Amino acid sequence: MGLFSKLFKGPEVDQAKSDANRETMRTLFNQVVDDGDSYRLIFGYTEDVSRFNYGLVHGSKTKIGSLIVGWNEDSGTIVVVPTVPDLSGCGDPVYYRRSEIHKAYRNKYPTDAFIIYPDRNGYIGIHAYDWLEDESLYVYVSQPEELSAFTHFFMTQFKTK
Amino acid sequence: MLWGEIGAVLLVLATLFIAGHLWFHIVEGVLAGLKRLVFSRQQPPAWHPLPPDGDDAPKKEP
């Protein structure tokens with residue numbers, strides 16, 4: 001009975017690992033963003049899907065890019081910092097200020113994503129979930145509260161339509 | 001005889017599968033090489049490694 005209930009319950013979050021990664025995300029974020037503690041953080045990722053046709057074989061490739069996403073409700077700013085699933089480092093931050101962006105909305109189809117157009121020429125699609133188990137592709141962090149707070153911020157303060 | 005035909009079909013499928021994979025990786029390798037050649041002059045994006053922990057950080061001599 002115990003075994004079956006465990007099987008049906010599905011995978012469980014390793015909270016210690018998740019907390020450690022949350023701290024590392026904060027360290028990385030604060031390292032590159034001024035006044036980083038004024039931002040709340042969530043893990044997100046981008047998906048770059050491209051089709052290929054090499055004659056004999058054709059199909060599609062998906063590239064996943066890990067992101068540390070910070071948001072400040074007072075200034076209406078989202079900061080995106082590229083990183084890697086093992087959190088060994090990060091790139092330069094990109095700032096998306098509500099007053100400066102072209103448009104922002106939440107996409108539901110084909111995938112659930114937060115879309116931000118900084119200008120007319122390009123956009124970023126941020127995917128975020130409360131927990132993703134695959135550590136080779138995503139940062140291992142459980143974030144249901146952060147996801148709820150970010151979604152609320154995006155939908156009530158940041159989106160433009 | 002039937003088993004021989006099934007085996008032959010499986011062999012053909014396996015050969016096609018392996019050839020497809022080989023072809024995919026060859027083309028990907030060539031494309032990656034071309035990209036490296038074309039974009040070699042561009043500076044790589046800035047990268048900030050995770051600072052070492054307090055315990056692991058190299059200690060300064062007094």
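Does B:Trp3 count as buried or exposed, and with how many C-beta neighbours inside 10 Å? The legends below start there. This is a predicted model, where local features need pLDDT of at least 70, side-chain atom pairs count only at pLDDT 80 or more, and totals for chains, interfaces and linings use all residues. Residues are numbered from 1 along each chain as its sequence is written, while chains are lettered from A and ligands numbered from 1 in the order in which they are written.

**View 1. A tryptophan in helix α1 of chain B.** B:Trp3 sits in this helix and counts as exposed, because it has 7 C-beta neighbours inside 10 Å. As for the cut-offs, a residue is buried if 20 or more other C-beta atoms lie within 10 Å of its own, exposed if 12 or fewer, and partly exposed in between, with C-beta atoms placed from the backbone. Now hop 24 residues along the chain to B:Val27: its C-alpha atom is 36 Å from that of B:Trp3.

**View 2. The whole of α1(B), with its 38 residues.** From first C-alpha to last, α1(B) reaches 55 Å, close to the 56 Å expected at 1.5 Å a residue (that is, 1.5 Å times one less than the number of residues). The number of buried residues in α1(B) is 0, so it lies largely in the open. Chain B as a whole has 1 helix and 1 strand; these are DSSP runs numbered from the N terminus, H or I of at least four residues for helices and E of at least two for strands. Of its 62 residues, 0% count as buried.

**View 3. Where chain B touches chain A.** Chain B brings 11 residues to the contact and chain A brings 14 (two residues are in contact if their C-beta atoms, placed from the backbone, lie within 7 Å). On the chain B side, α1 (2-39) and β1 (48-49) are the elements giving two or more residues, and α1(B) has the largest share, with 4.

View 4. DSSP has to find at least two bridges before strands pair. Look for A:Gly89, whose bridge partner in β1(B) is B:Pro49.

**View 5. Chain A, with 3 helices and 8 strands.** Start at the N terminus and you can follow the elements as α-α-β-β-β-β-β-β-β-β-α. The C-alpha trace of chain A spans about 55 × 50 × 30 Å along its principal axes. Of the 161 residues in chain A, 26% count as buried.
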